[in-house]
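Me: I'd like to go through this one with you, starting with how the chains meet. Can you take my questions as they come?

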Amino acid sequence: MKINITINGEARVDDVEPRTLLVHYIRETRRLTGTHIGCDTSQCGACTVLVDGLAVKSCSLFAVQADGSIIQTIEGVASDDSLHPVQEAFWLEHGLQCGYCTPGMVITLMQVLERNPSPSEAEVRRGIAGNLCRCTGYQNIIAAAMRAAGSSKGGNQ
Amino acid sequence: MIPAAFEYHAPKTLRQAISTLRKYDGEARVLAGGMSLVPMMKLRLANLAAVVDLGRIKGLSFIQEVNGGLSIGPMTTHYDIESSEVVQRISPILAEAAALVGDVQVRNRGTIGGSVAHADPAADLPAALLVLHAKFSIAGSARRRIVRADRMFVDAYTSALEEGEVIAGVHVPAMPPRTGWSYKKLANRASRFAIVGIATQVTTDEQGVCTRARVAITGAGPAPTRARTIERYLTGKKLTPLNITKSATRAIAGIEFLGDVHGSPEYRKHLTMELTKQALTEASERIR
């Protein structure tokens, strides 16, 4: 099936099988490997991308369902010379250990902070309930989220 | 994990969707948000000849106020429901339950129609829809029919939908005055499904005597169900802490409790009594 999907500003038409998952299309057809596969059972959130502005787990969607949509992956988050504020905060707070969950965490937090620009720590924790960090590095992830939200609550500075 | 190959259909109208479903004679499934179906296909728990995606049909996602109640399109997402000012005002328990479904990503895609049709025994929205006395408008090859919430959830993963039928709308009646509500659940940490979830809506007269109590349980047994023993017990009584506690011990009467890796039947019974107490207490405090 022919699908037309724009990723990080680049539109392309590709031929995919209906059973191709969006995450496999992103990684293997479009060669954007920043979107990770952590569990494959729709629980870990490492594959989270924005489809038409909504955070979704790209392993739980067929590429054909996203035909005609505009997608942002972690590769499209920073601008040419500066990190996105959420990325910047992860860097400053060391919001990662191995980094495998980080792309999904950053994308989900972009959505959480867009909807609620000054969340409480509890709201941040609830917001990333669908993103697992197997290094259990949550303390610094929360600190990074609070920093990105422009709040020092929960930060280490 | 990659699902087995299937034919993909993205009809533009509900009528086309229904005729495509009929063509496959039970070998095709409707794809709404896909938050349950796609993972099941990946695990090959569902092997289908075809998938009929409702995502390209216009006009299936809406929230409207109708006669003081709600009319909700089947493709309306959990996020649309939880964040809707209209739902929060008219059926706050539905917004509360929708906000507790899965996680942000699941709520962005998962739909009310999908949740009802999939009939997961631990889903959140069915419990809220049961206490709301919601009705479902169902489209098939014949005339549309209406199914009441207490007839909809038949068994685990089995709704009252027949082959070739699709949920076309969800209708929720207006909430009477002096009504309080609550949805409480203990969620599985990984899936966020309810190990047990309790939805309740209670109405009192001006003297504070309960004129109508509705309690629904999800996660405990094979299908979300009303706890009618409690409802009968509370009706005609004041919602005092003592009466609430007494009623909660009756929550388990006539209910089938399942045991699995997440909890034994005894554990679920205990949770049911405890969460019923918490839900009824919160609901009684919210009466306005």
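Me: How much area is buried between chain A and chain B?
Reply: In this predicted model, about 2600 Å² is buried between chain A and chain B, and carbon and sulfur atoms give 57% of that area.

Me: And which residues in chain A lose the most area to chain B?
Reply: Those are Arg19(A), Phe62(A) and Gln65(A), which together make up 24% of what the chain A side buries.

Me: How many residues does the contact take from each chain?
Reply: Chain A gives 33 residues to the contact, and chain B gives 32 residues.

Me: What about salt bridges across the interface, how many does the rule find?
Reply: The rule finds one across the interface of chain A and chain B, and it joins the side chains of Lys57(A) and Asp103(B), with 2.7 Å from N to O. Between the two chains there are also 14 residue pairs counted in polar contact, with both residues at pLDDT 80 or more.

Me: Which elements of chain A give two or more residues to that side?
Reply: They are strand 4 (54–57), helix 3 (102–115) and helix 4 (121–127) of chain A. By class, the side of chain A that touches chain B has 13 nonpolar, 13 polar and seven charged residues.

Me: Switching topic: where is Ala283(B) placed, and is Ala283(B) buried or exposed?
Reply: Ala283(B) lies in helix 12 (residues 265–285) of chain B, and it counts as buried because its relative accessible area is 0%, where the cut-off for buried is under 20%.

Me: What does Ala283(B) touch, leaving out residues up to four places away in sequence?
Reply: Ala283(B) touches Gly180(B), Trp181(B), Ser182(B), Thr200(B) and Val202(B). Ser182(B) is 101 residues from Ala283(B) in sequence, yet their C-alpha atoms are 5.1 Å apart in space.

How values were computed
Residues are numbered from 1 along each chain as its sequence is written. Chains are lettered from A and ligands numbered from 1 in the order in which they are written. This is a predicted model: local features need pLDDT of at least 70, side-chain atom pairs count only at pLDDT 80 or more; totals for chains, interfaces and linings use all residues. Side-chain values use heavy atoms; hydrogens and water are left out. Contact means heavy atoms within 4.5 Å. Buried area is the accessible area (1.4 Å probe) that two parts lose on being put together, summed over both. A salt bridge is a side-chain nitrogen of Lys or Arg within 4 Å of a carboxyl oxygen of Asp or Glu. A polar contact is a pair of N or O atoms within 3.5 Å; within protein, one must be able to donate a hydrogen and the other to accept it, and residues adjacent in sequence count only if both atoms are side-chain atoms. Helices (H or I, at least four residues) and strands (E, at least two) are DSSP runs, numbered from the N terminus. Ala, Val, Leu, Ile, Met, Phe, Trp, Tyr, Cys and Pro count as nonpolar, Asp, Glu, Lys and Arg as charged, and the others, Gly among them, as polar. Buried means under 20% relative accessible area, exposed over 50%, partly exposed in between (1.4 Å probe, protein chains only).
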